[in-house]
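Please read the following report alongside the sequence and the 3D structure, with attention to how the two chains meet.

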Amino acid sequence: MSEVIKLRKGLNIKLKGSAEKALEKLPVPATVALKPTDFPGLTPKLSVKVDAEVKAGDALFYDKYHPEILYTAPLGGKVVSINRGERRKILEVVISTDEKVGSAEFTKADPSGLSAEEVKEQILKSGLWPFIKKRPYGIVASPEEQPKDIYISTFDTAPLAPDYNFVMDGQLDTFQTGVNALAKLTEGKVNLGVQAGSAFSSVKNAVINTFDGPHPAGNVGIQIANTNPINKGEVVWTINVQDVLFIGRLFETGKVDFTRTVAIAGSEVKAPKYVQTVLGAPIKDLVGGKLVETDYNKRIISGNVLTGEKVSEKCFLGYYDSLVSVIPEGDEYEFLGWADPGFSKFSATKTYFGKLFPKKEYTMNANIHGGERAFVLSNQYEKLVPMDILPVYLLKAILVNDIDKMENFGIYEVIEEDFALCEYACTSKIEVQKILREGINTMIKELG
Amino acid sequence: MKFIKNFFERTEPLVQKGGKYHWLQSVHDGFFTFLYTPKTTSKTGTHIHDYIDLKRTMSIVVLSVVPALLFGMYNVGVQHFKAIGELAATGFFEIFLFGLIKVLPIVIVSYAVGLGIEFVFAQLRGHEIQEGFLVSGMLIPLIMPVNTPLWMIAVATAFAVVLGKEVFGGTGMNIWNPALVARAFLFFAYPAQMSGESVWIALKDTDKVIDGFSGATPMANAAAGNLNYSVADAFFGFIPGSIGETSTLAILIGAVLLIITGIGSWKIMVSTIAGGAVMGLILNAVSGSAGLSPEVATYFSMPFWHHLILGGFMFGAIFMATDPVSASQTEKGKWIYGFLIGILAIIFRVINPAFPEGMMLAILLMNTFAPTIDHYVVASHVKRRTKRAKVSA
C-alpha cells in the first residue's frame, strides 16, 4: 500500500536526552534474569532449581495453564537464585552466566520450507513464544488460537523511543526470515506499520501500512484500529520489532541469540546512546557510570516514561523493553506551582507559556503535579486516542464493572500503552492504565 | 518562603489521624497544597504527568472572569452616579471605588460561605478539598443584582454548595451548575427582592434619584414593548443588570482566554450563540403575524442579534453553559446541548411573560438533559461499532 494513513489525534512529548545514533557493545553480563512479573496474568511453574546448569534456550519456567509455552534462559550458566516476593510469588530467576556452557540446539532451516506446525513447535521450544502477544488483552498469545492477522509496528513514537531503522541496520535479512516464520502462523497476513521512507518498507511477504502522525501512531494497537479493527471474538497477534530478530536468528543459526540493542536516554544520562546487550541484563550494567551526578533523586525506568516500569540498579531489563529512560524523580515541593506562567513547562493543554515553543525539548520529572480528583474536564482523552473509541466511557464502564459496556466501548481493542497519553495529560490525575488493566483482568476472569 | 513550608511540614503529624488537631486535616492539606504543589511522584502508570491540574484549570477560569468582574464593579458605580445625576461630575476612580465597595463584600461572603462548607465536607468525607468552588464562588456574585442583601447571598451559596453539589458527591459529580442553582434559589425563594426596577442600582437611602431615571433593565423594557437602549451601551455594558453580565466585551475577553487555553469548550459557546441567533431570527420572521399585541410584536421584531448582547445571554453562554461537569460530555452532544440552550433562552425570555430573562432556566434545563443527550450520542457510537463487527463477520 502506498497510501499514507494520516493520524491527527495524539501528542508528541519532546523530552531532553534522546539517544544519539551511536552503538556501544557491552561485555557479556555476569548475571541475567528472567522475571515472570513481566507477563501479566502468568502463573509460572519452575523447571529448574537453584544451582542447576542451563544452556541458553533451556527452560527456566513454564506457564501452568499452557505448559507448552516455555520461558528460557537468555544465556548459558548456572541458576544462582530464585527471588520471591509476598506469598512466595516468583519475582526473578537469576543466572550467573558462563560462556562455556553454550546454547541448546534447535533446527536450522528456512522457515518458508517448514510447515506451520514445525515453525510453531520450534518457537515454543526455544522460548521465543512469549514474545508473541495477543490482542485483545495484550498478554502472551495462546498457541492453539488462530490469529486473524499478525501486526508489527516498526517505529516507536513514545518519548525518547529508539529508532528501529538505526537498530535494524544490517539485520534486515534476519528480520525477513523472522517475518517469513511468522507468516506461517496465521491464515491472514503479517502487517508492518512503517513510517514513510523507512527501510522496513522493502520487507517482503507482508502488508506494508504507512502511518504518519504524533504518538501514539507507533503503537501497534492504534495501527490495528486504523487498518482492520478487532471485533468481539477475533484475535490478532503482535510482536515487537527486535523480537522478530530473535525468531529470524533461531531459524538462521539453529540457536537462540537474545542480543538486543537498547537505547539509554533521558535528561539524566550524560551521553545518551544505544548499547548492545542481552535480554534480562542487569540495569546496573546498562546505566553504570553513564548518569549525571546530581544532588536530587533520579528515576530509572525500564521502558519509556509513559508505560515503563520503575527500576533500581539492582533490577534487570524488562522482557519487552528496548529503552531505559532516566529522569529526575521530582520528589520536591513546588511553591505555587499552579500559578507559574510556565515558560519551561510542557503541557498538552495550552495553559502554560511553554506551548509557545513547540520545538523545545523538556526535562520532565516523575512528580504528578497535583492531586487526584474526579473526572471534571471532558474531551481531554478523546483528543489523544486516534481510534474510534470513547476512552472516558470505557474507563467508567470498568469502574462500575459492567462487562457488557466494556465490550461495547471497545475493551478488546486497547491495552495500557494506547491510553497512556490520557494518563499523562489528565487534569484529574486519574490512574488510567491501572484502571484499564483491572478491566482487562476482569474480562479474562469472566470470559476466559 | 522556606519557613512556610517548614511550618506545614512540622504541623503535618498533628493533623494526621490520631493527632491532636486531626479535624483540621483537610484544611491543613488544602492550604498546604495551595501554596506548594505536593511532592507526590507517580507510583503506577505513566512516570511523567502534565503540569495541568485542577488548581491551574480553575485559576484560569477565574482569570477569564476577571474582566467581567472589574467592569461589573465599574458599572455599578456608573449606574449609581447616573441615577443621582452626577455621572459627568465624577472621576473614574471614584466610580470604580464605589462599585468596589459594593461588590467586594458580595464576593467575600460567597467565598467565605462556600469554602467554609467545602472544608467541612472535605473533612467529613476524609478527602482533599476540591477546587470547583473557586470558580463557583466567583460566578455567584457576578450573576446577582447588586442590591441583593448579603444574607441572601450567604443562604443561596450554602444552598447551592450543599444541595447543588455536595449531596451528589462534590466537584465533578453535580448535575446542575452550582452558581446557577444559587441564582435560581433566590429567584424562586425571594422573587420580590430579585426583580423590579430598584435591585439593579446601588443607592443609599439619602440619594435622590433624578427625574425620569428608570433602573429597569433593557430586557424588562423590551418585554413591555419598549426598545430604548443603545446598542453600544449594551455591548460595552453601561446598562443596568446583574453585576458581571452587562458587558459583552468584557465577557468576550474572557471567552478568548478560555478558548485559547482550551479550558472552555468553544463548541458550546458557538452553538449556544447560534441557537440564540436562530431563535431570534424565527421571532423576527413571525413578528408580523396577526393576533400579536403591539408590545409582543415589538419585542418579536427586535433585531435578533440584540438578544446576544442583552441580559445574561453572553455571560451564560461563555461561563455557565461551558461548565464541563454539568454540560454534555460528548463532542456531538455539546453542539446539541449548546444550540438548545440558545433556543430555549430566547423562548423563555420573549414568549414567557413570567420570566424577564431565560438564560438561567435554559441552562439549568439543559444541564438536566445533558446526560440524556450524551446517552443517545454514545448509543449511536456503540451502534456504529457493533455494525462494523457484523460487516466484517
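## The interface between chain A and chain B

In this predicted model, 69 residues of chain A are in contact with 57 residues of chain B, contact meaning heavy atoms within 4.5 Å. Residues are numbered from 1 along each chain as its sequence is written, and chains are lettered from A and ligands numbered from 1 in the order in which they are written. Because the model is predicted, local features need pLDDT of at least 70 and side-chain atom pairs count only at pLDDT 80 or more, while totals for chains, interfaces and linings use all residues, and side-chain values use heavy atoms, with hydrogens and water left out.

The buried area (the accessible area, with a 1.4 Å probe, that two parts lose on being put together, summed over both) is about 5,800 Å² between chain A and chain B, and carbon and sulfur atoms give 57% of this area. Of the area that chain A buries against chain B, 16% is supplied by A:Tyr333, A:Trp338 and A:Arg373, more than by any other three residues.

Between the chains there are three salt bridges, each a side-chain nitrogen of Lys or Arg within 4 Å of a carboxyl oxygen of Asp or Glu. A:Glu413 forms a salt bridge with B:Arg388, with the closest N and O atoms 2.8 Å apart.

The residues on the side of chain A that touches chain B divide as follows, by the classes given in the table.

| Class | Residues |
|---|---|
| Nonpolar (Ala, Val, Leu, Ile, Met, Phe, Trp, Tyr, Cys, Pro) | 31 residues |
| Polar (the others, Gly among them) | 20 residues |
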